Amino acid sequence: MTGQKTAVRVFLVDDHALFRAGVRAELDSITDEVDVVGEAGSVGEAVVGINHLKPDVVLLDVHMPDGGGAEVLRQVRTALPEVVFLALSVSDAAEDVIAVIRAGARGYVTKTISSQELVRAVVRVSEGDAVFSPRLAGFVLDAFADRPGAAPISDPELDLLTPRERDVLRLLARGYAYKEIASELFISVKTVETHVSSVLRKTQLSNRYELSRWASDRRLV
Amino acid sequence: MDTVPAKQVAKPVEPVRRRRSGRVVAGVAGGVADHLGVEVFWVRAVFAALTALNGIGVLAYGLLWLFVPQRAASAPEEPSTNPKERQQALGLVALGIGAAVVSGLLSGPVSGWIVGPLAVALVGAAVVWREADEAQRRRWRDGAKSGFLGTGRSAITRVLAGVALVAIGIGVLLVSSYGIDQLRFALLAVVATLGGVAVLTVPLWIKLINDLGEERRVRIRTEERAEIAAHLHDSVLQTLALIQKQSESPREVKRLARSQERQLRDWLYGRNADDTDRPTTMSAAIAKASGEVEDQFALSVQQVVVGDCELDHNLLALVQAAREAMVNAAKHAGVGEISVYGEVEPEQVTVFVRDRGKGFDPDLVPEDRHGLADSIRGRMDRHGGEVRLRTTPGEGTEVQLMMPRKTSGGAGRADTEART
């Protein structure tokens, strides 16, 4: 089936040349579903390269000098709304991860992810889905938790997760794949995807003070 | 071009440095003795003898004190003075001063009225200078934290006493030579001049203070960098060396890398060693248990904890049961990764331990395998918790552990019961 589809054009942004080389070699060797078309080692290079190449997916490092991944997103997203960003980082600090998601990334995976899973994640975001690693699911659950002293809910549509979304996130955090979540909750994979996308939208748009404060309160591993 | 002066190679010339220990007044005599390579006694004797010649010895000593720096703190310690040598030196000082007074009286023009106050002023100056030396040494010791002069009460007392001595000495000297009326005028002139000089040199002082602050900041930064370097050396570099040595064993490499990664994270994100030694919160306890299993079985444990709370007796049992479940998965599932998910809710704490390994049929577990029965189920039952097991041969296993949380009202009582 990959025969008819053109390969997903991927652009790598990471300030570690060694890491870029490693990812490029892995992606090139294991699959022709993705094609690494370019890479950049700084925010400036990344903005120029992405504008020039217009890739399908940008694999974005969270931590870089001059503002990191969030800065790249800010500079590129309005001009190129069709380019999809997937954050790829060793940083497990909640504030960094949430910041990149709120800046517009469609997902977050850690650098320890296996190559096959990375390919799957790239293909999935290129098709418009969100990619939640277990850790990101945990962060988001935590961010939307109702705790004493949480900010008042101004827009229930955005500031609260539905029970179903919560269930999906819990299973994601437990390490379940979409298919497993679907059979566990007796819903279709498509519905799981819809829930995850909706959670992503809420994470990006909710103005709940709690989201940002929580993230800076808790620099956990 | 390539010839190096032979003498320099043979014996590097050491600049004169005042001694820090083994000194009686300021370490000048000791420093000169070290530089010339003679007994310190003879240097002191020469100073005493010179003092007899119109006080030249005192003048020379004072100038050397001013212009010769102390030996830096990093230099090796010299032996300190023994009491006998100290007595000897003090004797020489007294002898020198006595000789100076006598010679001054004998030679006529210098009267006791001048020498006496002058000596008092000199003693005062010596006290203040000594205190400045002390302050410098303290600064070396404390790493750039104290100021120019000492801050302690005794230090201030010493400085004030020294200043008073100098003032009295000069005052008596002036009164004796000029008389009160002239003195008042002179005093006014001096104060006015000093005030003028102070105002004119304000920028200089400010710059001096700023420079000192800047220097201190640089030193603190350097120290911090040294500490980071030391830490990285002890941890990361050592591990990298180990990894290179073990490169033919991927399992071991992975284990080393994971354990180093965890350590570095703990350090970077400020979770200090005390906390991880005996975790006090749910999330820290789960993280620690996961880390131990990773280290022990060379696989990766993906752990996520949502919410957090203080660890109590029951929750500790929950963590131990979860750890046992991880160990089971690591031993029997035959996988490289385990997922652990913990969630702290107001009424209960839940932990899921999941693998995508072999799975098993619970009915076929041999009787002698106590892991699941005792360590997990028994432990949870004893503390009022609940265990659910989902396993399918070929698809993996998930152990679900639930522990109700004590309500805030009953928590205190239950805690004390548990402890007694």
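I started with polar contacts between chain B and chain A and counted 10 residue pairs, both residues at pLDDT 80 or more; such a contact is a pair of N or O atoms within 3.5 Å, one able to donate a hydrogen and the other to accept it, and residues adjacent in sequence count only if both atoms are side-chain atoms.

Ground rules: this is a predicted model, where local features need pLDDT of at least 70, side-chain atom pairs count only at pLDDT 80 or more, and totals for chains, interfaces and linings use all residues. Residues are numbered from 1 along each chain as its sequence is written, chains are lettered from A and ligands numbered from 1 in the order written, and side-chain values use heavy atoms, without hydrogens and water.

In one of them, Glu180(A) pairs with Arg356(B), with the closest N and O atoms 2.9 Å apart.

Then I checked contacts, meaning heavy atoms within 4.5 Å: 22 residues of chain B meet 21 residues of chain A. Arg265(B), Tyr269(B) and Tyr341(B) supply 29% of the area that chain B buries against chain A, more than any other three residues; buried area is the accessible area (1.4 Å probe) that two parts lose on being put together, summed over both.

Last, I turned to Asp61(A), where an unreviewed UniProt entry places "modified residue: 4-aspartylphosphate"; such annotations may be inferred rather than shown by experiment. Asp61(A) touches Lys111(A) and Ser89(A), among others.

Conventions
A salt bridge is a side-chain nitrogen of Lys or Arg within 4 Å of a carboxyl oxygen of Asp or Glu. Lists of a residue's contacts leave out its neighbours within four places in sequence.
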